[in-house]
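This report covers helix packing and ring interactions in one model. The sequence and structure come first.

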Amino acid sequence: MTQETFETIRESGVVAVLRGVDEGDPVAVAEALLAGGVDVIEVTADNADTPGTIRRLQSAVGDEATVGAGTVIDGPTAQSVIAAGAEFVVSPSSHADVIATCNRHGVLVAPGIMTPTEAAEAYEQGADLVKVFPAKTVGPDHVAALRGPLSQIPLLPTGGVSPDNAAAFLEAGAVAVGAGSALVPGRPSRTETTRRSPAAPNGSVRSSTRRTRADGSPSRRSRVTGTIRFPGLEPYLVCVHGNRGDDG
């Protein structure tokens, strides 16, 4: 399970961080992200009802999206979100009980780190990858520096990632990036994708192509070839997916 989730994150290239969306319509946000090619969605645990939001998303888009939880800083919270269906757990800092809980349930875990020592300790405790946080304060050069002696540890820079620096983080060696306000700046006013048809020859086009992994299994990420009307989403996807190429 953790390897499959890891491959999905790597292929997507971006983890969308949803904070406060349970006050609006998290399903609408998730559908907009999926329309834009982002199929890894993190619901932060400081929402009013994170387990309930995770259940709603799993019910509505679970066949298409990988849904996890973020801002998890203790074992009981990790247990709660996993019971609700979280497929991965992310923390802003490193907590042994969170890592142990996720390992026990076979759920991917990404604790937050900043230094080489923190990264190595978290990985030795059982982390599947580590979240470099807050990434904006150290920049892509820090990610590249960590990758030098710790190339075995996958890195997920998060915090201040934007269309201006996402490609640089990936080029520095990050397996993917996490993006919150730059990707989901607020409630979407509308998500609109129109398939071209004889009745609408000049309409916007969104086509999905299933990719396959090395083992021949299908990848769930869609390739976007048309227009997505979701504020802040399309430029980010062009930056991330355009930089990574078809091999993810």
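A charge is taken to sit over a ring if NZ of Lys or CZ of Arg is within 6 Å of the ring centre and within 35 degrees of the ring normal. In this predicted model, the charged end of lysine 131 meets that description: it sits over the ring of phenylalanine 133, 4.5 Å from the ring's centre. Aromatic pairs number zero in a search of the whole structure.

Two packed helices are described by the angle between their axes and the distance between the axes.

| Helices | Angle | Axis distance |
|---|---|---|
| Helix 2 (residues 26-35) and helix 3 (residues 50-61) | about 50° | 10 Å |
| Helix 3 and helix 4 (residues 75-84) | about 25° | 8 Å |

Helix 2 and helix 3 are therefore oblique to each other, and their crossing is right-handed. On the helix 2 side, the contact is made by Pro26, Val27, Ala30, Glu31 and Leu34, and on the helix 3 side by Thr53, Arg56, Leu57, Ala60 and Val61. By class, the residues of this contact are seven nonpolar, one polar and two charged.

Angles under 35 degrees count as roughly parallel, and helix 3 and helix 4 are therefore roughly parallel to each other. The crossing of helix 3 with helix 4 is right-handed. Helix 3 contributes Thr50, Pro51, Ile54 and Arg55 to the contact, while helix 4 contributes Ser80, Val81 and Ala84. The residues of the contact of helix 3 with helix 4 divide into four nonpolar, two polar and one charged.

How values were computed
Residues numbered from 1 in each chain as written. Predicted model: local features only at pLDDT ≥ 70, side-chain atom pairs only at ≥ 80, totals over all residues. Heavy atoms only, no water. Axes fitted to C-alpha atoms, helices over the stretch in contact; angles between N-to-C directions. Helix = DSSP H or I, 4+ residues; strand = E, 2+ residues; numbered from the N terminus. Parallel < 35°, antiparallel > 145°, perpendicular 65-115°, else oblique. Left-handed = near helix turned anticlockwise from the far one by under 90°. Contact = heavy atoms within 4.5 Å. Nonpolar A, V, L, I, M, F, W, Y, C, P; charged D, E, K, R; others polar. Phe/Tyr/Trp six-rings, centres within 6.5 Å; stacked < 30°, edge-to-face > 60°.
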